[in-house]
Structures are given as structure tokens and as C-alpha cells.
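Here are a few notes to read alongside the model. Have it open and follow the points in order.

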Amino acid sequence: MRQCYSARSPCDISKLATLPGTPFGPSRLADLTPTELRRSASTWGPRHLVPYRLLVQPVTSYLKAFEVDHRQSCPVCSPKNASAQILDHDMVKNLLRDVDIHSTKRDLLREPGGFFWVSLALACHPDRKNETKTYPERERRPMTNSHYADSSVAIPGSSSPTQPSSSEYEDAASRDIDEDEYEERRRIPEDIAARLGTDFASFALQLCLIQGDRSVEICPRVDHRRTKTTIANVDNIICEDDGGLCEFEKTPHGWVAAHPFIALFEAKRAFGQLWVDPKTGESSPITSDQTLAQYLAEAVITRRGNRKFFKREWVPLHNEKAKSSAIMLSSVFIVALSSTFGRICHFHFGDYYDEYLDASAADQGHLINDNTKDTCVHLQCTKWFNLQTSDGRKIGLCHILALLRWYHTQDHEGSAGASSDTNMSSSSSSGSDMDYG
Ligand SMILES: [Zn+2]
């Protein structure tokens with residue numbers, strides 16, 4: 001169940017497609033069975049990864065798409081630099097300081113952003129009854145449970161799988177947990193992880209960030225959105241997210257969702273598997289190939305089934321006579337949540353991806369073999385960050401603010417906005433194999 005899929009280039013995809021006994025599927029969509037093609041997102045598996053042409057890049061602390069912008073404009077890390085975002089710095093301090101989550105709920109609720117601390121306490125100890133249980137003293141030690149993956153093979157995309165130092169999980173901020181806590185965490189359902197993500201985003205967006213406009217507000221969306229789309233001439237392929245970040249607009253009839261998909265939340269049950277750093281005993285979630293396929297499904301189906309939200313009018317800047325046209329934005333962001341951990345996944349769609357999904361069987365083959373056309377989805381994820389730690393909350397806050405800056409660039413700069421989607425993403429994707437090592 002651990003992630004082994006690590007195609008970095010179209011060439012890697014071709015190789016994976018032809019490996020004897022490959023779990024990653026046939027090379028084209030047309031070669032999936034009708035049942036596999038019809039599957040809803042929650043039942044996608046490793047066989048969807050190659051025909052849907054996923055390329056994964058090494059994980060990173062900050063998404064490449066946000067790297068330059070973060071360095072220049074993050075109001076948390078560089079408060080002296082000019083930024084379009086104004087923060088309540090006292091609230092930022094409150095978010096980043098440590099709060100004793102073993103306090104009573106009434107004390108937690110009295111803290112600034114108390115709803116978040118209650119959620120965090122719940123995600124750390126979902127079974128409140130256990131708080132009164134007394135465990136015998138015992139030595140805390142790294143787990144050897146069979147649910148744990150061997151670090152030497154659980155390193156997606158590592159150029160040297162024998163060196164755990166290059167692992168994406170190595171410095172996921174965490175602390176060691178003992179067996180009881182491990183068992184407790186494995187039971188943490190998706191809804192608790194989704195609620196923690198929602199409450200964290202509310203803390204960031206409603207308390208830390210000062211949103212001046214009283215007729216528009218960006219907040220977490222708690223309702224689950226179901227999307228249907230058509231791929232390779234198969235109708236009604238479905239996905240359902242676990243909420244997301246949404247722009248709401250005030251109308252005479254109340255608040256309405258103006259853009260529900262600034263980011264999608266995807267919560268998974270905690271710790272189906274856990275990676276343990278052999279050096280420190282620290283743990284963090286592992287993304288299995290199946291989970292990876294399900295994130296991909298959410299990104300592909302949501303973007304395709306909600307074109308009006310992912311379309312922008314493109315007006316040529318220097319040629320007034322040229323016609324404007326609508327282009328599909330090429331980025332989808334997923335906030336993956338598991339237990340107390342989060343990570344941001346940036347899917348960037350190649351220019352010919354939609355054409356590939358619409359193509360006949362024969363044309364799918366032609367498109368794949370034309371190396372001048374980018375028919376792939378490029379994925380980059382951050383390392384997992386742990387919302388239990390101050391560092392983890394800071395990385396989460398920086399990314400949520402960066403996502404909003406990115407979103408506003410798309411939305412409010414007209415023609416520049418349309419092209420900036422490509423520009424911001426181009427650092428993390430290109431047709432060249434060189435970029436994938
Ligand atoms: Zn920052």
C-alpha cells in the first residue's frame with residue numbers, strides 16, 4: 001500500500017506501462033476496462049496512474065509554484081516586505097504558540113482560536129475516555145508494527161532509495177508516539193482530519209488574515225461537492241471532495257459560493273501506514289499508490305466537471321485586434337489531510353491533457369507519442385507538516401496565504417492572470433525530461 005509510483009518523465013511512464021506485471025496500468029485510457037474507466041474517484045487505484053499520465057516531482061518544503069512569491073511577499077516570514085496581505089500579528093502569534101491540548105475543553109475554547117485547539121485535541125486523542133486511563137510506565141520506542149513501511153523502499157521519487165536522508169518524510173515535524181497512541185491514531189476517521197483542516201484554515205483566513213472587503217470572503221467550505229464528468233467518452237465519472245477553500249460573495253439573498261474550488265480538501269483515514277524515521281523514531285503518514293490515484297482522480301474530475309470555475313477569459317495584452325478567448329487554468333490544489341498532518345498537492349495539467357482525455361483510442365496513442373505535446377499531469381507535493389507543532393502550523397499558514405495570493409493573481413489581473421497560471425506553474429513543470437532528473 002505504500003507509494004512506489006515515481007514516474008518523473010513521459011519516458012518513465014512508457015517504461016512503467018510496459019513492465020511485465022506492472023501494477024500501474026496500460027499505457028492509454030482506451031486500454032482500461034470499461035469498469036475501470038467508469039470508477040468513481042474513491043475507487044481509483046494504481047492501474048489509473050499510467051493511463052492518466054501522472055508525473056510526480058520530488059517533495060519540497062514550499063511548492064515551487066509559490067517559492068519566489070513566498071520569498072518576496074509572505075507577510076509571516078517577511079513582514080517588512082510589501083505584501084498585499086495584512087495580518088493580525090497577535091493572532092499569528094496565538095496560532096504559532098504552544099497550547100496545552102490536554103486542558104479541559106472549556107479552557108481550550110477560551111483560548112484565541114479555541115475552536116482549532118479543541119479540534120486538535122480531538123484529532124490527537126479521538127477517544128476522550130482514554131484520557132482517564134492510566135497506562136503503566138514503559139519505554140517509548142520506535143514501532144516495528146507490520147503497518148510500518150521499510151524506510152529503504154518507502155521513498156517515492158528518491159534517486160537513491162537506499163539513502164533515507166533523501167526521504168520526503170524524514171523531516172516531517174513530528175514526535176515519537178507509543179503503541180497505544182499509534183493504535184488510537186489509526187482509528188482517527190477522515191471527518192476528524194477534515195474538521196481539523198477546516199478549523200486550521202479558519203484560524204488562518206478569518207483570524208490571522210485581515211480580509212478588508214465586507215462583501216467577499218474566502219473561507220473553508222464544509223459542504224462536500226460532488227462532480228460528474230465525461231472522460232474518454234465515458235459519462236458520469238464521479239468524485240466528491242471533503243470540502244475546500246471557497247470564495248463567498250454577499251448577495252441580496254445571502255452568501256453564495258462564487259468559487260468553491262480554490263483548493264480541495266481530501267481527508268484520509270489516519271495511519272493506514274506510517275513511516276518511521278529510523279534515526280529519530282519520528283513518524284508521519286505514507287501516501288500509498290491508491291491514495292495517490294485518488295488525489296489524481298479528484299483533481300482531474302473536479303477541474304473537468306467544473307470548467308466555468310477553471311476557465312479564464314484571455315485577452316491579448318499588446319494586440320487590441322486579436323480576439324479574446326477562454327483558457328482552462330492548468331492548476332488544481334489539493335490539501336491532503338490525515339490525522340494531525342497536512343500537505344499541499346499542486347497538480348499542473350499539460351497543454352494537451354484535455355485533448356488527450358477527449359481523444360479517440362487511436363488519437364490517444366498519437367498524442368502520447370508526440371513528444372512536442374505535453375499530455376501529462378505534473379504533481380508536486382509539500383512534505384507532510386504536523387499541525388501539532390508550531391513549525392507545522394507556520395508552513396500551513398504560509399501555504400494558505402500563498403494560495404490566496406495565487407488565486408487573486410488569477411482572478412483580478414485579467415489577461416495577465418490567465419497567463420500567470422502557466423507562469424507560476426512553469427517552474428514546476430515543463431516538457432523537458434531534464435526537469436525530472
Ligand atoms: Zn512564509
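1. Start with the contacts: of those in the protein chain with a separation of 6 or more, 69% come from residues 24 or more positions apart. Two residues are in contact here if their C-beta atoms, placed from the backbone, lie within 7 Å.

2. Before going on, keep in mind that this is a predicted model, where local features need pLDDT of at least 70, side-chain atom pairs count only at pLDDT 80 or more, and totals for chains, interfaces and linings use all residues. Residues are numbered from 1 along each chain as its sequence is written.

3. The protein chain has 437 residues, and 43% of them count as buried (20 or more other C-beta atoms within 10 Å of a residue's own).

4. Now look inside. The largest nonpolar core holds 90 residues, and Leu54, Leu296, Ile334, Cys345, Val377, Leu401 and Leu403 touch the most other members. Such a core is a set of buried Ala, Val, Leu, Ile, Met, Phe, Trp, Tyr and Cys residues joined through C-beta atoms within 7 Å.

5. As for secondary structure, the protein chain has 14 helices and 17 strands (DSSP runs numbered from the N terminus: helices are H or I, at least four residues; strands are E, at least two).

Note on methods. Buried ≥ 20, exposed ≤ 12 C-beta atoms within 10 Å, placed from the backbone.
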